[in-house]
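Here's a quick briefing to read with the model open beside you.

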Amino acid sequence: MKRNTSILLPPEWYPQSAVQLTWPHEDTDWRPILEEVIPCFAAIAKAVILREKLIIVCRDIETVKRQLGDVDYGKVIFRTLPTNDTWARDHGPVSVFEGGHPCLYDFQFNGWGLKYPANLDNVITVELYSELVFPGRVKYRSHLDFVLEGGSIESDGKGTLLTTESCFRAPNRNDNLYFEEIDDRLKKLFGLRRILWLSHGQLAGDDTDGHIDTLARFCNEETIAYVACTDETDEHYGELKAMEKELEEFRTLSGKPYRLVALPMADKVVWNGERLPATYANFLIINGAVLLPFYGSPRDEEARAVLQEVFPDREVIGIDCLPLIKQHGSLHCVTMQYPEGFVI
């Protein structure tokens with residue numbers, strides 16, 4: 001297949017114009033712990049506003065302002081829309097450049113394979129586009145015939161995609177397509193040279209079927225940070241060791257082994273008798289900083305130190321995400337970044 005070199009899927013470290021949050025309310029799954037999770041969203045929002053614009057999709061603007069407090073609202077774009085939940089990474093658009101022109105790709109979000117209601121969240125992207133959040137030069141592309149979540153893909157900006165087989169092979173996503181057809185579809189959509197498929201790696205409590213942003217992340221074209229498990233008694237040990245071996249076999253476009261950076265396995269987090277998918281791989285790169293989920297553990301600072309070496313020119317900021325993990329996601333999962341030039 002000939003690569004479409006006019007299409008660029010920018011990596012997260014590209015300069016950004018904004019980050020999107022979809023704000024929790026009492027009719028989302030956050031209802032039992034709403035007062036606990038709001039400070040987490042507020043902390044993420046405040047860190048973003050200091051560095052770039054923030055889009056907040058919410059049910060009621062005045063409620064969010066009371067919860068958020070004193071910030072520079074000149075850098076906040078509010079839009080009131082009905083929502084099922086708050087996972088902007090997966091119901092938000094994927095930002096792509098076509099021939100240098102910014103485009104929003106709108107994929108079908110079906111609640112991670114029909115596990116949860118998603119009828120309202122699935123139309124957020126087109127609603128945002130129709131409400132003139134984006135400049136006229138930004139184009140909208142409907143790919144609603146294809147199920148894809150932003151948390152399932154990682155781009156190096158040079159034509160390489162890193163992802164997991166478990167997610168794209170999972171039931172109720174693209175059952176009408178063979179795996180080879182999915183591989184071909186992704187390459188055409190994003191102008192890819194290749195896809196690095198991981199066949200191993202899964203976290204207990206993860207209901208995304210193995211999103212890549214819980215396991216391994218591009219930090220630059222030659223560096224991948226990944227979750228490492230060194231405790232042979234941990235239930236994750238075998239799968240994560242097998243994933244580590246796969247990563248060691250991958251090569252950069254120039255044919256060299258990747259610089260692999262091991263993130264510590266987060267200490268075990270259990271809630272209501274269930275182990276939750278706490279992971280330090282679920283960080284968000286923004287302008288001048290990296291927002292890193294913390295889980296109230298000594299491992300938090302260990303993970304921060306590891307990422308600070310990887311991102312020496314960015315401040316690594318820890319944000320308490322214990323409330324987020326109670327709904328099986330973390331910091332990266334509730335955010336979606338827009339590259340420079342995408343937001344008014």
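A cavity here is a set of grid points where a 1.4 Å probe fits but cannot get out, and its lining residues have an atom within 4 Å of a point. Keep in mind that this is a predicted model. It holds three cavities of 30 Å³ or more, and strand 19 turns up both in the lining of the largest cavity and in an open sheet of four strands.

**The largest cavity**

- There's about 270 Å³ of space in the largest cavity.
- Its lining comes to 20 residues, with Leu9, Pro10, Glu12, Arg89 and Gln337 lying nearest the centre.
- Strand 5 (94-98), strand 8 (154-155) and strand 19 are the elements that give two or more residues to this lining.
- Strand 19 gives the most, with three residues.

- Four strands make up an open sheet in the order 4-3-2-19, and the pairing is mixed.
- Strand 4 (76-80) and strand 19 (335-339) sit at the edges with a single partner strand each, so one side of each has no neighbour in the sheet.
- On average, neighbouring strands are turned by 20° against each other, direction ignored.
- Strand 2 (residues 16-22) and strand 19 run antiparallel, joined by five bridges.
- Across that pair, Ala18 stands opposite Tyr338 in strand 19.

**The helix on the sheet**

- Helix 1 (residues 34-49) packs on the sheet and touches strand 2, strand 3 (53-58), strand 4 and strand 19.
- The direction of helix 1 makes about 165° with that of strand 2.

Terms used:
Residues are numbered from 1 along each chain as its sequence is written. This is a predicted model: local features need pLDDT of at least 70, side-chain atom pairs count only at pLDDT 80 or more; totals for chains, interfaces and linings use all residues. Side-chain values use heavy atoms; hydrogens and water are left out. Two strands pair if DSSP finds at least two bridges between them. Axes are lines fitted to C-alpha atoms, for helices over the stretch in contact, and angles run from 0 to 180 degrees between N-to-C directions. Contact means heavy atoms within 4.5 Å. On a 1 Å grid over the protein atoms alone, a cavity is a set of points where a 1.4 Å probe fits but cannot get out, and a pocket is an open set with protein on both sides within 12 Å along at least five of seven lines; lining residues have an atom within 4 Å of a point. Grid points are joined across faces, edges and corners, and a volume is the space filled by probe spheres set on the points.
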